[in-house]
Amino acid sequence: MAAETVDTFHWPAETRSFCAELPFTPRTTIFEYGRGIHLYDARGRDFLDALSGVFVTCFGYDCAPITEAMTEQLRRGLTFQPPLHGTNHNALRLADALTGIAPDGISAVKLLSGGSEAVEAAIRLARLYHTVSGNPAKQKIISHYESYHGATYGSLALTGHPGVKVFGSPMPDVVHTMPPEALAKQWGLTAEQAGEQAAAMIEQTIVAEGPENVAALVVETFSQLRELVAPDRGYFTRVREICDRYDVLLVFDEIVTGFGRTGENFGSQTVGVTPDLICAGKGISGGYAPLSALLIHERVASPFRDDNGHMAFGTTHTFSGNPLAAAAGLAAVTHFTEGGFLPRIRQLSDHLRRTLTAAVGDRGTVNLSGLLCGVSVPDPDGRGIGDLIEAKCWDHGVIVRGMPYGIMLAPPFITTTTELDEICAVVGAAVDEVVG
């Protein structure tokens, strides 16, 4: 197809029936195909995807082990099975594979279709756990302001951001506290001091709400809304102790940070604390099928096990444990573990930190854990500097994500150092154009 410039490209009439994720803009495009970390659109443009789609396509766009596994499943003729009457081998093996790479103590997995579903399942399971344990009044959920947990009713309620108020009254019995990064910025505290204060606020909130009423605390290990600054590890240790003291389940939302993104199998291993529940998604299938998972500690699973040790937790979702999605997930987890990706992620992370820091210079700050990266650029005039830098990167053929504080990057695990160099050069040039 002949290349067409942005200025002359017009949306065909048939797209008007399509409800987009965001409003159409001159930069909105139709993607045609992908190779490696490259995406090609209907205008013939070639983009380096430095965001892994949206933290999802960690093995790129033509990962043979995953496509072959899905093709084999299609040939078997089993793309769905009656979820009320049975399951499939792929789902069973995927659950085993996930518990195999999860922190010690994680013993059960609930398969779902997306991150919001996993967060919703965590809320339901936390409340149900306390009910079957003889504490039915423990219903309240605590989460942070300046957090993001999904787009469904319950997950939106946990999301501590004023923008969600446009959807009306949130789910009741959700309480928010301030995260350590916000306290550090507001009061000029060190990461350690901010962690101590934020943990103290959580404990004070539990006491104020009544420990007999609080079911769970939901936190992110690294937050995309909070510049991806790494909280002090001591904060997570304190939070674990507080939750244990008051019989509150600790839930880590690792939709973004799970599955190798931070340089460990899960962000919980990066911060050194094992929660009771882990919400995982995004890269768990490499982006080849809608898939997420709720990983469950044996402490929480045990009340739901029958005499043979099997766990059941309803209600379910129609596509939970779908055989085709599970085939993609099993192939992705197998490829991740057998391909030895963790050392590669750490090496690429070191290279990205050095190269991107040099490219940005003293005009911004690079926060990075594994291949999850935030670049904070001061915006004293309130120009929306992150969106401006994103637009310039797009013009130069690199996909990043604009944020209020700057931009985010999350390159696929298969990215080469040469491609990282190209990405960083474009980011540096974009900052030049926007900041000077």
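Visitor: Which residues does V427 touch, leaving aside those up to four places away in sequence?

Guide: In general, nonpolar side chains in soluble globular proteins tend to be buried together. In this predicted model, V427 touches L356, V360, C393, V400, I407 and L409, with residues up to four places away in sequence not counted.

Visitor: Which residues touch the most other members of the largest nonpolar core?

Guide: That core has 65 residues, and the ones touching the most other members are F59, L356, L409 and V427. Helix α11, residues 323-338, supplies the largest share of this core, with nine residues. There is also a second, separate core of 36 residues, which includes F47, L228, Y405 and A410.

Visitor: At what angle do α12 and α14 pack?

Guide: Helix α12, residues 341-360, packs with α14 at an angle of about 25°, and their axes are 9 Å apart. The two helices are therefore roughly parallel to each other, since angles under 35 degrees count as such. The crossing in which α12 passes α14 is right-handed.

Visitor: Which residues meet where α12 and α14 are in contact?

Guide: An α-helix has 3.6 residues a turn, so residues three or four places apart point the same way. In this contact, α12 contributes L348, H351, L352, T355, L356, A359 and V360, while α14 contributes T417, L420, D421, C424, V427 and G428. By class, the contact comprises eight nonpolar, four polar and one charged residues.

Visitor: How do α6 and α7 pack by comparison, in angle and distance between axes?

Guide: Helix α6 covers residues 180-187 and helix α7 covers residues 191-209; they pack at an angle of about 120°, with axes 8 Å apart. That angle makes α6 oblique to α7. Their crossing is right-handed. From α6, the residues P180, L183, A184 and W187 meet A194, G195, Q197, A198 and M201 of α7. The residues of this contact divide into seven nonpolar, two polar and no charged.

Visitor: Which residues of helix α13 are buried, and what covers them?

Guide: In α13, residues 385-395, the buried residues are I385, G386, I389, A391, C393 and W394. Their cover includes the strands β1 (31-35), β3 (46-49), β13 (398-399), β14 (401-403) and β15 (406-409), together with helix α14 (417-435). Just after α13 comes G397, which takes a positive phi of about 85°.

Visitor: Which residues have a positive phi although they are not glycines?

Guide: Most residues other than glycine have a negative phi. Here, E146 has a positive phi of about 55° without being a glycine, and D173, likewise not a glycine, has one of about 65°. E146 is in the loop between β5 (140-144) and α5 (153-158), whereas D173 lies in the loop between α5 and β6 (174-177).

Visitor: How is the relative accessibility of E146 and of D173 classed?

Guide: E146 is partly exposed, with a relative accessible area of 34%. D173 also counts as partly exposed, at 37% relative accessibility.

Visitor: Is S52 buried or exposed?

Guide: The cut-off for a buried residue is under 20% relative accessible area. S52 has 0% relative accessibility and so counts as buried. S52 is found in helix α1, residues 52-55. Leaving out residues up to four places away in sequence, S52 touches T57, C58, R261, A410, P411 and P412. One of these, A410, is included in the second, separate core.

Terms used:
Residues numbered from 1 in each chain as written. Predicted model: local features only at pLDDT ≥ 70, side-chain atom pairs only at ≥ 80, totals over all residues. Heavy atoms only, no water. Axes fitted to C-alpha atoms, helices over the stretch in contact; angles between N-to-C directions. Helix = DSSP H or I, 4+ residues; strand = E, 2+ residues; numbered from the N terminus. Parallel < 35°, antiparallel > 145°, perpendicular 65-115°, else oblique. Left-handed = near helix turned anticlockwise from the far one by under 90°. Contact = heavy atoms within 4.5 Å. Nonpolar A, V, L, I, M, F, W, Y, C, P; charged D, E, K, R; others polar. Core = buried A, V, L, I, M, F, W, Y, C linked by side-chain atoms within 4.5 Å. Buried < 20%, exposed > 50% of the residue type's maximum accessible area, 1.4 Å probe, protein only.
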